Amino acid sequence: MPDRVTPTAVVLHQGRYQLCRCGRSSRGWFCDGSHLGTGLLPRDLVLTKESTVAMCTCRRSHRFPLCY
């Protein structure tokens with residue numbers, strides 16, 4: 001049976017985040033501007049309270065870098 005890839009739970013504080021969609025960021029799931037020239041834009045995430053967010057580890061999510 002193949003290994004299952006599971007999302008990583010990340011606790012984020014209230015606020016606005018720009019999440020990397022291109023995979024080039026040196027900050028992992030968080031945008032550092034490396035997407036310039038790729039045609040991709042970061043995914044905005046706005047949290048009104050501290051939350052645990054499921055981050056994708058397989059790169060197949062339709063909401064990448066957020067897990068389904």
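Modeller: A residue is called buried when its relative accessible area is under 20%, exposed when it is over 50%, and partly exposed in between (1.4 Å probe, protein chains only). This is a predicted model, in which local features need pLDDT of at least 70 and side-chain atom pairs count only at pLDDT 80 or more, while totals for chains, interfaces and linings use all residues. Residues are numbered from 1 along each chain as its sequence is written, and side-chain values use heavy atoms, leaving out hydrogens and water.

One aromatic pair is present; rings of Phe, Tyr and Trp (its six-membered ring) pair if their centres lie within 6.5 Å, and planes under 30 degrees apart count as stacked, over 60 as edge-to-face and the rest as tilted. The ring centres of Tyr 17 and Phe 30 are 6.1 Å apart and their planes stand at 50°, so this pair is tilted. Because Tyr 17 belongs to strand S2 and Phe 30 to the loop between S2 and S3, the pair ties together parts 13 residues apart in sequence. Strands are DSSP runs (E, at least two residues), numbered from the N terminus. Tyr 17 is buried, at 18% relative accessibility, and Phe 30 is buried with a relative accessible area of 18%.

The structure also holds one salt bridge, that is, a side-chain nitrogen of Lys or Arg within 4 Å of a carboxyl oxygen of Asp or Glu. Here Arg 16 and Asp 44 meet through their side chains, at 3.5 Å from N to O. This pair links distant parts of the chain, 28 residues apart: Arg 16 in strand S2 (residues 15–19) and Asp 44 in strand S3 (residues 43–47). Arg 16 is exposed at 60%, whereas Asp 44 is partly exposed at 43%.

Key: Helices (H or I, at least four residues) and strands (E, at least two) are DSSP runs, numbered from the N terminus.
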